[in-house]
Amino acid sequence: MFSDPNILTPIAKQYKQFSSYYSLSQLIDSPTRISCNTSTLLDHILTNTPDKIQQSGVIDIGISDHQLIFCTRKIQKSKLGKHNYVKFRSFKNYSVKDFEKSLISAAFLNYENFDCIDKAYSDFIGKLMDVVNVSAPMRERRIKNHTQEWFDGDIAESISIRKKLLKKFKKSQLNIDHRLFKEAKYNAESLIKIKKKNFFEEKLQENVGKPKELWKTLKNLGLPNKKSSASKICLQNENGDLTFEPKSNANIFKTFFVNLASNLLSKLPIATNVFNDDSTSDFYDDLNIDQNSFHLVNVSEENIFHQLAAINPNKAAGIDHLSGRFLRDGAKILALPISQICNLSIKQSKFPDGCKIAKLKPLYKKGSRTDPKNYRPISLLPLVSKIVEKVIHQQVQEYLDKNKILYQFQSGFRRNYSTDTCLSYLHDKILTGFDKNLITGLIAIDLQKAFDTIDHCVLLRKMKIIGFSDNVINWFRSYLSNRVFM
């Protein structure tokens, strides 16, 4: 296209200068738009590393008047005959009654008699997972490339005819061949539309009254689906290069999330110590809270049973691969050993180390997809850890409410309070000011990563001030420390 510099237009010269400046090579050397009178190369692929390109060229598709261009990157070749597999649990022979019988025969120990919470938790999870793996064993299934259901032999034949006529026209460039190709192209596109339309009309009619299948059909029709629309994550490494390699991206996320809190804290100004332990203690003086007045008490088997029975069966499993379905189905038998583990945790003021391992999943928020700061880390923790957390939360919340320690107008993280109650309070406050001819001002602060930057030492000292006993503080210290993610 640029063989003769004398015929370059100003835009073409700028394009060539741009490519040269960034050391970009143009890979396509065949015409990409062919008419009866002209053959032009309008579609390009530029790269600054041509040695990493295995092949490139033009594919005769005939979908539009521009041909499809492609290139393939050099990658390590996989072994011949190798297939992709996915692992899943087979519920073919699973039944709740058989699962309960297997749990009874597992003979869980009395975990309150253990001298180490980690050993107790490990023994419980090991025996539970042995039962789960027998009741719903893991299976492997080979992934196949599925063709759309509306695609049939008629469509395949029309596409084949279109492709043959396109090749014939490219070779002859005669008007008659061009007209025949255009007709074949129109016929193929029309047939696809008709087949697709008829298929979805039948599916929608079949699934009236079946919401799950109806939504599945609508998503296949093109309804936006966040899960299926997400592409592979591409991140920018420390050298500024883009990488699609999963291990490299995992390390980029790891480095970012590990250093997130410390990097934010380093940007904060030096504290003035206006709000120190003495000022905090003075703030709560009017509540007359006794020192060491809050102690954790043992939880009942009935309490744990109600939590297990209400658990979401589709709750995502943590690193132990234990889903909510098994905890709910085995609630009658599992309530006792889990209550014993909770009570042992309270007794020893220690949170099990196995419950501190999170399976981290980055979730895209907004902005550039290549910047790790635009991803929110979702931590998938073992579901048993959630049960222990809820036991402690119930007792702490009851203590805070009883002693009226929380600010009366706090709307976040409180039962029966929400964004609506906060807005209602602000609305009434502003209207009251108007009635009194007062000017109302509002300062709204959005703190970046507020919970990630909380000083754990300050938090534990504040717990001491508001009456938490040493054993309770030690439990929270164990809960907050030595956490890892994978």
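Author: Happy to, and one definition comes before anything else: a residue is buried under 20% relative accessible area, exposed over 50%, and partly exposed in between (1.4 Å probe, protein chains only). The model is predicted, so local features need pLDDT of at least 70 and side-chain atom pairs count only at pLDDT 80 or more, while totals for chains, interfaces and linings use all residues. Numbering starts from 1 along each chain as its sequence is written, and side-chain values use heavy atoms, with hydrogens and water left out.

Reader: Thanks! Is Asn437 buried or exposed?

Author: Helices (H or I, at least four residues) and strands (E, at least two) are DSSP runs, numbered from the N terminus. On that scheme Asn437 falls in the loop between helix H14 (419-435) and helix H15 (456-465). Its relative accessibility is 72%, so Asn437 counts as exposed.

Reader: What is the phi of Asn437 near?

Author: Most residues other than glycine have a negative phi. Asn437 is a residue other than glycine with a positive value, and its phi is near 60 degrees.

Reader: And Asn292: which value is its phi near?

Author: Asn292 sits in the loop between H9 and H10. With 34% relative accessibility, Asn292 is classed as partly exposed. Its phi is positive too, in a residue other than glycine, and lies near 55 degrees.

Reader: Which residues gather in the patch of negative charge on the surface?

Author: A patch takes residues with over 30% relative accessible area and no salt bridge, joining like charges within 9 Å and nonpolar side chains (Val, Leu, Ile, Met, Phe, Trp, Tyr) within 5 Å. Lys and Arg count as positive and Asp and Glu as negative, with His and the chain ends not counted, and a charge is placed at NZ of Lys, CZ of Arg, CG of Asp or CD of Glu. One member, in the loop between helix H9 (277-283) and helix H10 (301-309), is Asp285, which is partly exposed because its relative accessibility is 41%. The negative patch as a whole consists of Asp278, Asp282, Asp285 and Asp286.

Reader: About how much accessible area does the nonpolar patch of Phe413, Phe451, Ile454 and Leu459 have together?

Author: Accessible areas come from the Shrake-Rupley method with a 1.4 Å probe, and for residues only the protein chains shown count as cover. Ile454, in the loop between H14 and H15, is partly exposed at 38% relative accessibility. Together with Phe413, Phe451 and Leu459 on the surface, Ile454 makes up a nonpolar patch of about 450 Å².

Reader: How many salt bridges does a search of the whole structure find?

Author: The criterion is a side-chain nitrogen of Lys or Arg within 4 Å of a carboxyl oxygen of Asp or Glu. Searching the whole structure this way, the count of salt bridges is twelve.

Reader: How many residues apart are the parts that Lys170 and Asp60 tie together?

Author: The side chains of these two residues meet in a salt bridge, 2.7 Å from N to O. Lys170 belongs to helix H4 (residues 153-172) and Asp60 to the loop between E5 and E6, so the pair ties together parts whose separation in sequence is 110 residues.

Reader: How far apart are the closest N and O atoms of Asp65 and Arg33?

Author: Asp65 is in the loop between strand E5 (53-59) and strand E6 (68-73), and Arg33 is in strand E2 (residues 33-34), a link between distant parts of the chain, 32 residues apart. Asp65 is partly exposed at 35%, and Arg33 is partly exposed at 29%. In their salt bridge, the closest N and O atoms are separated by 3.2 Å.

Reader: In what order do the three strands of the open sheet lie?

Author: Two strands pair if DSSP finds at least two bridges between them. Strand E11 (residues 357-364) has six bridges to E12, running antiparallel, and two to E13, running parallel. The pairing is therefore mixed, given that definition, and the order is E12-E11-E13.

Reader: Which residue is the bridge partner of Leu360 in E12?

Author: Also in E12, Pro377 stands opposite Pro362. For Leu360, the bridge partner in that strand is Ser379.
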